[in-house]
Amino acid sequence: MNEADYEQAVNSFYEGLYRFAFSLSGNADDAGELTQETYARLMVKGGQLRDRSKVKSWLFTTLYRIYLGWKRRDTRHPHFEIASVEEELPPVTPEMVDQLGNEAVNQSLMEMEERYRVLIALHYFENHSYREMSRMLDIPVGTIMSRLSRAKDMMRKSLAAKAIGAEGKIISIPQRNEA
Amino acid sequence: MNNQEAQLILQAYRPGGQDASDPLFAEALEQAQRDPALQKWLAEENALDARVREKLQTAIPIPPELKSNLLAQRKIVRLAPWYFQPVKLAAAAAVVLLLGLAASRLLPQKQAQLVAFRSAMANYSLTKKEHIVFTSHDITQVQEWLQGQGIKADFELPAALRRSPTHGCRLVDWNGRKGAMICFFVNGEHTDLFVMDGGGLPGLPENGAPQFAEAGGMTTVAWAKAGKIYLLSGKDKKTLQNLFQPA
């Protein structure tokens with residue numbers, strides 16, 4: 001891979017890649033290291049990538065595999081339990097999300113079990129398609145769809161719980177109509 | 001397809017248009033066109049998704065130095081193809097070992113030890129597998145890790161080297177003497193520093209001038225100070241020479 005291609009790959013994807021790394025590792029140091037290691041591998045092995053349109057998928061897949069390798073080797077990455085959320089929470093709305101602080105939103109993400117968190121991160125940070133996620137994670141398309149749906153539901157319940165808990169006194173909660 | 005099935009599929013739909021021609025979504029989208037309730041649900045879903053996406057992206061700030069570090073990495077990793085070519089690596093390692101053996105037989109004893117030391121350390125530099133075992137860009141963290149491994153980390157380094165970021169470190173062994181290898185990025189060049197405790201080496205006088213020599217295709221520079229042997233190994237001789245220039 002030449003320098004221009006590498007620079008373009010950095011410019012285009014490093015932010016999404018870092019956020020994905022952060023969503024996996026839960027801290028800035030490891031996220032930075034995962035991102036750097038991924039780009040280092042791109043410099044070395046990127047020449048094998050014949051289709052330049054695959055660089056994005058390659059980067060995210062590689063980062064995820066590096067992370068899994070770390071996890072196998074050590075236990076420095078904390079395991080987050082799913083936050084218990086009330087079944088009867090009102091549906092979250094864009095206005096409720098607006099009211100939440102960044103930390104609360106980040107916390108909702110990090111509280112999720114990893115298999116759901118990975119999908120949320122890939123879906124929201126870089127807008128990956130379900131087919132791309134299927135290839136990256138080596139999970140069937142049907143499983144991706146049902147798991148993503150479940151992940152979004154969990155994320156929204158967690159956001160709703162935080163919105164009520166943090167801002168319950170000032171936020172009015174409009175009802176969303178279910179189809 | 002009922003609305004529940006359509007919702008499951010449409011939850012993975014990206015409203016930016018990337019999935020518009022995907023046959024998997026076609027039937028669900030057609031159903032949303034026909035069913036006002038499903039259409040309303042989809043619009044709300046997309047609005048909420050956009051808001052969560054925006055919020056999540058601002059929730060994780062990007063370190064300001066990350067991009068420049070990644071771009072600087074180009075120069076550092078340029079060394080990597082060498083490391084990642086097993087045949088060349090094995091050949092280079094063999095040459096280094098042979099030179100070391102030959103030197104130990106042909107050179108005067110005091111020179112032979114220094115040549116053998118250079119060769120052994122250059123061999124570590126050329127090693128890809130577990131080139132480092134502890135990763136950190138902070139020399140203080142590296143020193144703490146080495147101390148935890150029983151290595152005295154009270155190094156006296158050239159000022160220019162001390163200001164350079166590290167990549168990590170590992171332990172090394174030479175004839176039973178334990179030491180440390182620390183990887184630095186010196187002006188973007190990958191440079192390995194080796195430090196051994198336990199006194200100097202014949203041919204390497206205490207507080208003497210740094211001695212440059214080639215070993216296994218690497219430039220090495222060795223010196224001795226305060227009972228420690230230091231050796232730097234890198235591809236670029238000029239970079240190593242600059243470290244010893246007066247500020």
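Confidence in chain B is lowest in helix 5 of chain B, at a mean pLDDT of 38. It is highest in strand 7 (residues 228-234) of chain B, at 92. Here pLDDT is the predictor's confidence in each residue, from 0 to 100. Helices (H or I, at least four residues) and strands (E, at least two) are DSSP runs, numbered from the N terminus. Over residues 76-85 of chain B the pLDDT is below 50. Beyond near neighbours in sequence, this stretch has 17 contacts in the model; two residues are in contact if their C-beta atoms, placed from the backbone, lie within 7 Å. Chain B as a whole averages a pLDDT of 81, and 83% of the residues score at least 70. For the complex, the predictor gives an ipTM of 0.72 and a pTM of 0.53.

The model is predicted: local features need pLDDT of at least 70, side-chain atom pairs count only at pLDDT 80 or more, and totals for chains, interfaces and linings use all residues. Residues are numbered from 1 along each chain as its sequence is written, while chains are lettered from A and ligands numbered from 1 in the order in which they are written.

Chain B holds 10 helices and 7 strands. Of its 247 residues, 35% are buried. A residue is buried if 20 or more other C-beta atoms lie within 10 Å of its own, exposed if 12 or fewer, and partly exposed in between, with C-beta atoms placed from the backbone. Among contacts in chain B with a separation of 6 or more, 55% join residues 24 or more positions apart.

The 7 strands of chain B form an open sheet in the order 1-2-3-4-7-6-5, with antiparallel pairing. Strand 1 (134-135) and strand 5 (211-215) of chain B stand at the edges. Each has a single partner strand, so one side of each is left without a neighbour in the sheet. Two strands pair if DSSP finds at least two bridges between them. Strand 1 of chain B is joined to strand 2 of chain B by 2 bridges, and B:F134 stands opposite B:C169. Strand 2 (residues 166-174) and strand 3 (residues 177-186) of chain B pair over 8 bridges. B:T166 has B:F184 as its bridge partner, and B:R170 stands opposite B:M181. The hairpin of these two strands has 2 residues between the strands, and B:N175 takes a positive phi near 50°.

Helix 8 (residues 139-148) of chain B packs on this sheet, touching strand 1, strand 2 and strand 3 of chain B. Its direction makes about 30° with that of strand 2 of chain B. Axes are lines fitted to C-alpha atoms, for helices over the stretch in contact, and angles run from 0 to 180 degrees between N-to-C directions.

A nonpolar core is a set of buried Ala, Val, Leu, Ile, Met, Phe, Trp, Tyr and Cys residues joined through C-beta atoms within 7 Å. The largest has 67 residues, of which A:L17, A:F20, A:A21, A:L63 and A:L159 touch the most other members. Helix 1 (residues 3-25) of chain A gives the largest share, 11 residues. A second, separate core of 40 residues includes B:A116, B:V142, B:F184 and B:F194.

The contact between the chains takes 40 residues from chain B and 41 residues from chain A. On the chain B side, helix 3 of chain B gives the largest share, 15 residues.
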